[in-house]
Amino acid sequence: MTPDANLLTSLYHLVAKGRVLESLLGKLPGFHPGVGEEGVVVGAFFGLKDSDYIAPHYRGALLAAHMRGADLRRLIAGVLGKVTSYSRGRVRGDICLPLQFNTLGMFSGVLGNPLNISTGIALAASLDEKQGVVVTSFGEGTSNLGAFHESLNLAACLALPIVYICQNNGYAMSTRTDYALKCTSIADRAQGYGMPGIRVEGNDVVAMHQAVQSAVARARAGEGPTLIDAVTYRISGHYSADPNDYQPKDERASWLKKDPLLLLKARLTAQGVMTDAQLAEIEKAAEAEITEAIAQAQADPDPGLEVLGPDDLYSPVLERVA
Amino acid sequence: MSQLTFQEAVIQGISEEMERDERIFHLGQDIGPIYNGAMHSAKGLGAKFGPRRIIQTPISESAMVGAGIGAALAGRRPIVQLMFAEFLGLGLTPLACDAAAMWYKSDGKVSVPLVIRVLYGAGPHRGHSEDYQAWVASVPGIKVAMPSTPRDAKGLMKAALRDNNPVVFFEHMALYHGARQEVPEDDYVVPLGAAEIKSEGSDVTIVATALMAQQSLKAAEQLRGEGISAEVVDPRSIVPMDVETVRRSVAKTRRLVVVSESWKTGDPLSDLTASIAEELAGEAPLKIARVGLQNTPRPFAMPLVRAAMPNVQTITEAVRRITESN
C-alpha cells in the first residue's frame, strides 16, 4: 500500500513535533527521553478512533497523549509537578497520563502493570461488543517480566482486541537486548501464545503505522491479539543525565543514518510531497509551539497545600440499588 | 429469611448484585460450572450467568488482577477471585502500586470498582491458610473486608460490589461451610467501615474479626461464668477501620484485647491499638493485650497449628491478665 501525501504529511508533523518534544524535555532533570523512537510512537497511535484506548510505553508517553488530544502545556506541567497539570501535581506526569483521553499511563513506576491493566481494558472492550480496541506499547526489557507472559497468554485465551507493541530500542537502561533476550526477535515469542508475531522496522513510521493498522483491523474483527516487535534505537540516554557512553560508536553511527525523522524527510522529498524548505518550516513551527508550552508550564504555579488532600483517599461514590 | 452457610451467603450476595448490575462480571480460575470454584466459592454462578460473565482464566494472578483493574477503568465492575490469600503477592503489584493510588493520583478522575476475593484461614483445607492481610491493609487506597458471619458476609459483599474502590474480600475457610445463620433475602448492605458489637459487656473490650471473632464470643461466654463481662467488637472490615466504635467501647471498659489470626508483627489491629492508646491513654489507666499468631511461618501439623494460633484459652488468659490485677 502506497501512502498518500496527506498521510505522509500528517505523520511528518507528528514525528517532527515528537523530536522537538523529546529533545527539549530531555533537558529536564530525571526525564526519560525517546529521541530516535518517535517513529514507533507515531506509527503505533496514529489513526485510532477516539473510543479506542492506548497505553503507551513511558518513553514517548507525552507525544502519545498529545496525539490523543491532551494539551501540551498541561502535560509538561505534569512533568514539572505544577498545579496546572491534569493531576494538579499529585502524580509524576512524565509517565502518568490523563485517562480522560482514553490514554492509560503508569500510576506507579512499576513496569509491566500497564501491560496487564491494558489487557483488562481490552477485556471490557470485548464485553462491550462495540469493537473497541486497545493499542499498548512497552520496552523490550519489560517483555522479560512475568506480566508480559501472563497478559499475552490471557489475551490469546480470551481472543481480546489488543495490539501489543514492543518498542525495542536495543537497551534496557544499559543492558543490551542481545544479552537479555535469547530469541532472534521478540516477535518469535508470539508463537508461544498462538498469536501473530510481526517484526517491523520501527524507524520507518509508514511501515510501522501500516503494521499496527493491520493488527488493529484484526483485533476489531474479533480475531484476537497481535504482537509487534518494533525495532528502533535509543539515540538519547536512558534518562536526562545518562551519558549513554555504553553504546558502541559504530553501532550508534549506523543507527543515526536510520533516524526516523531523516527517513521520513527523505521519503517526502523523494516523492515530491514537500520541499526541504517546507519541511524546515514545519520543524520550526513545532519548535516554537513546544518551546512556548514549556515556558508556560515552567511559569505555572506549584500546587498549594490544598491539593495535598489527606482525606481524599477513596472515590466517595457508592452505587445504590438501581 | 433463609438459613445459609457463609459460602452460600457470599454467593447469594454476588448473584443478587450481578442480577442488579450488568456491569459486574467474575474472573477466576476454575470458577465455571465444571468445578464451581475452589471450595465451591462460585457454586452455581457459571450455570446461572454463563461464560460471558463468569470468565475462567489460566493461572495468571498478576494478569487477573491487572485485567480486573483495566476492566474497571473501562466502566465494568469486576470481581477477581484469586482462590487463596496465599496468592495475593502475585497480584499485589498492580493492585497496591497502581489501583490503590489511582483515585488520589488522578486527582479524583479515575476510580477502580474492583472486588478481589480470597480464601484463607486455618481450617479444613490443611493448607493455603496464610492471610497476608497486612500486605493489602497497609497500602492506602485498598479496602479490606473480613466478615465473621453469613449475614455479614452477604451484606459486606454487596457493599463491596457497590463501592467504587478496590476491595479485598477475605473468606475464612473454617467458617465457609460451617454454621448456618438466618440471612435476609431483602436488599441490605453491611457498610465497609462499620463495626458491630457482637456481644455487650462492661469490663473489657475484645476486638477480633472472622474466625477470631467467633472464638472471642466463645471466650466471652466462658468469662461471663467467671464474672468478667467482655464486650466483643467485630470491625468487619479492617480497612476502613471503625476506630470510633472501638474507642467508645474502650472508653467504657478501659481494657482492650485485640485478637488476630495474623502475626502480631505488622498486624493491622496493632495500628488500631496504637490509635486507641493515642486517644485514650492520657485520660485514665488503660490496659492493653494483644493475642496473635506465633511469629513464625505457619506450622503444618494440627497440634502445632492449634498451639501457634490464638484460641479460646489464649484469649481468656489475655483477658484475665489485664483484669485480675485491679
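In the predicted model, 21 residues of domain 1 of chain B are in contact with 19 residues of domain 2 of chain B. The two domains span residues 2-183 and 196-323 of chain B, respectively, and their C-alpha centres are separated by 26 Å. On the side of domain 1 of chain B that touches domain 2 of chain B, at least two residues each are supplied by helix H6 (133-137), strand S6 (143-145), helix H7 (150-162), strand S7 (166-172) and helix H8 (173-176) of chain B. That side of domain 1 of chain B comprises 12 nonpolar, five polar and four charged residues.

The contact between the chains draws 41 residues from chain B and 38 residues from chain A. On the side of chain B that touches chain A, H3, H4 and helix H5 (102-105) of chain B each contribute at least two residues. Of these elements, H3(B) provides the largest share of that side, namely nine residues. Sorted by class, the side of chain B that touches chain A holds 16 nonpolar, 14 polar and 11 charged residues.

Helices H3(B) and H4(B) also pack against each other. The axes of helix H3 (residues 61-73) of chain B and helix H4 (residues 88-98) of chain B approach within 6 Å and cross at roughly 30 degrees. At that angle, H3(B) is therefore roughly parallel to H4(B). The crossing in which H3(B) passes H4(B) is right-handed. From H3(B), the residues B:Glu61, B:Ser62, B:Met64, B:Val65, B:Gly66 and B:Ile69 take part, and they meet B:Leu90, B:Gly91, B:Thr93, B:Pro94, B:Leu95 and B:Asp98 in H4(B). Six residues of this contact of H3(B) with H4(B) are nonpolar, four are polar and two are charged.

In H9(B), the contact involves B:Gln215, B:Ser216, B:Lys218, B:Ala219, B:Gln222 and B:Leu223, while H13(B) contributes B:Val312, B:Ile315, B:Thr316 and B:Val319. The residues of the contact of H9(B) with H13(B) comprise five nonpolar, four polar and one charged.

In chain A, an open sheet of five strands adopts the order S1-S2-S3-S7-S6, with parallel pairing. Strand S1 (53-55) and strand S6 (197-201) of chain A are at the edges and have a single partner strand each, so one side of each lacks a neighbour in the sheet. The twist from one strand to the next averages 20 degrees. Strand S3 (residues 162-168) and strand S7 (residues 226-231) of chain A run parallel and are joined by six bridges; A:Leu227 in S7(A) is the bridge partner of A:Tyr164. Helix H2 (residues 38-45) of chain A packs on the sheet, where it touches S1, strand S2 (134-139), S3 and S7 of chain A, and its direction makes about 165 degrees with that of S2(A). Helix H5 (residues 113-128) of chain A likewise packs on the sheet, touching S1, S2 and S3 of chain A, with its direction at about 170 degrees to that of S2(A).

Two features of backbone geometry are also noted. Most residues other than glycine have a negative phi, and most peptide bonds are trans. In A:Asn102, however, phi is near 50 degrees, a positive value in a residue other than glycine; A:Asn102 is located in the loop between helix H4 (72-80) and H5 of chain A. The peptide bond from B:Val239 to B:Pro240 is cis, with omega near -5 degrees, and B:Pro240 lies in the loop between strand S12 (237-239) and helix H10 (243-253) of chain B.

Key
Residues numbered from 1 in each chain as written. Chains lettered and ligands numbered in written order. Predicted model: local features only at pLDDT ≥ 70, side-chain atom pairs only at ≥ 80, totals over all residues. Axes fitted to C-alpha atoms, helices over the stretch in contact; angles between N-to-C directions. Helix = DSSP H or I, 4+ residues; strand = E, 2+ residues; numbered from the N terminus. Parallel < 35°, antiparallel > 145°, perpendicular 65-115°, else oblique. Left-handed = near helix turned anticlockwise from the far one by under 90°. Contact = placed C-beta atoms within 7 Å. Nonpolar A, V, L, I, M, F, W, Y, C, P; charged D, E, K, R; others polar. Domains from an automatic or database assignment. Pairing = 2+ DSSP bridges.
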